[in-house]
2 protein chains.
Amino acid sequence: MAQVRPMRADARRNRERLLEVAAAAFAERGEGASLDDIARRAGVGVGTLYRHFPTRQALLEAAYLDRIEAIAARADLIAAERAPGEALLEWLNELGVGMIQVRGMKALLGTAVDTACGECVRGAADRLVRAAQEAGTLRPDVEPVEVLRLAHGVATAAESAAGEGGGTAVRRYLSLLVEGLMPR
Amino acid sequence: MAQVRPMRADARRNRERLLEVAAAAFAERGEGASLDDIARRAGVGVGTLYRHFPTRQALLEAAYLDRIEAIAARADLIAAERAPGEALLEWLNELGVGMIQVRGMKALLGTAVDTACGECVRGAADRLVRAAQEAGTLRPDVEPVEVLRLAHGVATAAESAAGEGGGTAVRRYLSLLVEGLMPR
DNA sequence: ACCTGAACACCGTTCAAGT
DNA sequence: ACCTGAACACCGTTCAAGT
């Protein structure tokens, strides 16, 4: 399954360079950043970029893999410190803020919910959701993937509320989602 | 404010043709449909398209204006038939389904929430939200615009749940939003 | 095995020339 | 006053030639 033969030294270097440049480019120009530009800034031919990453999606995934894994890893740290319900909420908040702050990651995680790249995120969501359900602080009839999709939707909503300072909007909309729009 | 001098007959015809073709093109190819293609199919030069609609956004808005007004108009009909809380929910559902079914309209309404084009939608949301709040079936601390943003987010979430038959997903996620993720 | 970059196709946008 | 379409700039993608 994994890479059997090690990559040639130059190929490995190029790949690395491309990932660095791509991460920066996507962060600053969004998911639509010019691939030609990325190749040029990385000092390689465009063909090389396509050889390593056949699609834009593949490059996006690879460029943000470590950041995504970092977010997934946060789940266990948070879970150790808080009650299950609060832990889920806090993690979803960090996920949402991350999606908004790092341009391009929202688009990636939107589809990545069902791709290989999002596996660790799905795993984290699974654990937090199950724990909260067992603790009785989350409806038992919601699936982890539904929670992830809704979190993505919340990030979208928060994004369009650009004016009032980014992160606050995620918290606000997330709490509306958790508590519900009906009066309690 | 409005058009003082009437348009020349050929200009008027071209505008009409462009709108028809654009609506079809956006519906079938999504918001990114080729403007060149639209002009060609409408039988006009590209320059004419740009003269009438300086930006893609302007064309999108104009092409879907009647559909958007139709959705806004539904609000009063629904409000006459149901209790305020249910009316809001039903209208948001129609709005969400519309955004998903007609490709391009979701993107438009996402930003249009704060543009001229979305004025009638905002008006409709205002009335339904206020009514539901007065009837005590909606939290008093949510703004109409927040409800619209969340509805857009819900549509985004439902869209990514492509498999299980479109419209159902909107209802599902909408009810999760309304009832909340916490157990009641 | 991998890299390069020219070549091709495509799209958005502008604008001089036309009626 | 409005239309046309060539011209320009830009981008994604492929692939023959090179090491």
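Six salt bridges, written 6 by the rule (a side-chain nitrogen of Lys or Arg within 4 Å of a carboxyl oxygen of Asp or Glu), span the interface of chain B and chain A in this predicted model. In one salt bridge, the side chains of D141(A) and R172(B) meet at 3.7 Å, N to O. Residue pairs in polar contact between chain B and chain A number 19, both at pLDDT 80 or more. A polar contact is a pair of N or O atoms within 3.5 Å; within protein, one must be able to donate a hydrogen and the other to accept it, and residues adjacent in sequence count only if both atoms are side-chain atoms. On the side of chain B that touches chain A, α8 (144-160) and α9 (167-179) each supply at least two residues. The largest share, 8 residues, comes from α8(B). Helices are DSSP runs (H or I, at least four residues), numbered from the N terminus.

The area buried between chain B and chain A is about 3,100 Å². Buried area is the accessible area (1.4 Å probe) that two parts lose on being put together, summed over both. Carbon and sulfur atoms give 59% of that area.

DNA strand C is surrounded by 20 residues (a heavy atom within 4 Å), and R8(A), N14(A), G45(A), Y50(B) and R56(B) are the closest. The side chain of R56(B) places an N or O atom 2.5 Å from a phosphate oxygen of DNA strand C. α3(A) gives the most to this surface, 5 residues.

Residues are numbered from 1 along each chain as its sequence is written, and chains are lettered from A in the order in which they are written. Local features need pLDDT of at least 70, side-chain atom pairs count only at pLDDT 80 or more, totals for chains, interfaces and linings use all residues, and side-chain values use heavy atoms, without hydrogens and water.
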